[in-house]
Every structure is written in structure tokens, then in C-alpha cells.
Amino acid sequence: MEFTAEQLSQYNGTDESKPIYVAIKGRVFDVTTGKSFYGNGGDYAMFAGKDASRALGKMSKSEEDVSPSLEGLTEKEITTLNDWEKKFEAKYPVVGRVIS
């Protein structure tokens, strides 16, 4: 499936009838099984329904870092992001990608 950023935002955990999606580097993962983390009130709820690449690379939970932009990330932050991506691949199914 292909998602615009706006379509992806509908899968942010606030509607119980929909799955929860988080994108990393444009790939959309179904993180519904991690609802306690990504669902409403969860520690990582700010990532739900968004591409959280920048925030994951920077190990940040700041709203301003929840973005698909990798611009200006250090080599270490890119490595951290790649590590997160591998963890997501092992744990959650890929259901699509984000398109511009």
C-alpha cells in the first residue's frame, strides 16, 4: 500500500478500529502489537501515524524531531536509525510505503 503523510496520520492509535502504523525511511510498519508503546498514552505515541526516522536516529522524543528528514544527521545517528530499522523489521510487518 502507498500512503501520503496525511493518510498515514490516520493510523495514529486514536481510532481503536484502525491499526497503528509508524514509518521509518518511508517504509510503513504495523506496530499495533506494540500498542502499549505506540498507542494513545504510550511512551512512543508521538511516532504513531508518522515517519519517525529523524527522531529515532537522534534518539529523541521531541515533536520537532518526528520527521522523515535525514538532513544533517551524523554518521552515528544514521547508524542508530539503521539499528532501529532492523529492530522494526524483526518485530513488525511492513504494510506499505510513504509517497510524497
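This is a predicted model: local features need pLDDT of at least 70, side-chain atom pairs count only at pLDDT 80 or more; totals for chains, interfaces and linings use all residues.
1. Leaving aside neighbours within four places in sequence, tryptophan 84 is in contact with Ile24, Leu56 and Met59, where contact means heavy atoms within 4.5 Å. Tryptophan 84 belongs to helix H4.

2. Residues are numbered from 1 along each chain as its sequence is written, and side-chain values use heavy atoms, with hydrogens and water left out.

3. The chain contains four helices and four strands. Helices (H or I, at least four residues) and strands (E, at least two) are DSSP runs, numbered from the N terminus. Read from the N terminus, the order of elements is β-α-β-β-α-α-α-β.

4. On overall dimensions, the radius of gyration of the chain is 12 Å, which agrees with the value near 13 Å that a compact globule of 100 residues would have. The radius is taken over C-alpha atoms, and the globule rule is 2.2 Å times the number of residues to the power 0.38. Along the principal axes, the C-alpha atoms fill a box of roughly 40 × 25 × 25 Å.

5. Of the 100 residues in the chain, 41% are buried. Buried means under 20% relative accessible area, exposed over 50%, and partly exposed in between (1.4 Å probe, protein chains only). The accessible surface of the chain comes to about 5,700 Å², and 50% of this belongs to carbon and sulfur atoms. Such areas come from the Shrake-Rupley method with a 1.4 Å probe; for residues, only the protein chains shown count as cover.

6. Contacts across the sequence also deserve a remark. Among those between residues at least 6 apart in sequence, 55% join residues at least 24 apart.

7. Which residues does glycine 57 contact, leaving aside its neighbours within four places in sequence? They are Glu77, Thr80 and Leu81. Glycine 57 is placed in helix H3 and counts as buried, at 2% relative accessibility. Proline 19, which is 38 residues away from glycine 57 in sequence, lies 24 Å from it in space, C-alpha to C-alpha.

8. Glutamate 77 is found in helix H4. With a relative accessible area of 17%, glutamate 77 is buried. Apart from neighbours within four places in sequence, glutamate 77 is in contact with Gly57, Lys58 and Gly72.

9. As to charge, the chain has 13 positive and 16 negative side chains, and the centres of the two sets lie 4 Å apart. Lys and Arg count as positive and Asp and Glu as negative, whereas His and the chain ends are not counted. The place of a charge is taken as NZ of Lys, CZ of Arg, CG of Asp or CD of Glu. Side chains of opposite charge can pair when their charged atoms come close.

10. How many salt bridges does the structure hold? There are seven, a salt bridge being a side-chain nitrogen of Lys or Arg within 4 Å of a carboxyl oxygen of Asp or Glu. One of them joins arginine 27 to glutamate 85, with the closest N and O atoms 3.4 Å apart. This pair links distant parts of the chain, since arginine 27 is in strand E3 (residues 27–30) and glutamate 85 in helix H4 (residues 75–91), 58 residues apart.

11. Arginine 27 also forms a salt bridge with glutamate 89, whose closest N and O atoms are 2.3 Å apart. Glutamate 89 lies in helix H4 and arginine 27 in strand E3, so this pair ties together parts that are 62 residues apart in sequence.

12. Arginine 27 is partly exposed, at 27% relative accessibility. Glutamate 89 is partly exposed, at 41%. Glutamate 85 is buried, at 11%, and touches Ile24, Lys25, Arg27 and Phe29, not counting residues up to four places away in sequence.

13. A further salt bridge brings together the side chains of glutamate 63 and lysine 50 (3.6 Å, N to O). Glutamate 63 lies in the loop between helix H3 (53–58) and H4, and lysine 50 in the loop between helix H2 (35–38) and H3, so the pair ties together parts 13 residues apart in sequence. Lysine 50 counts as partly exposed, at 32% relative accessibility. Elsewhere, salt bridges that share partners join Lys25, Arg27, Glu85 and Glu89 into one network.
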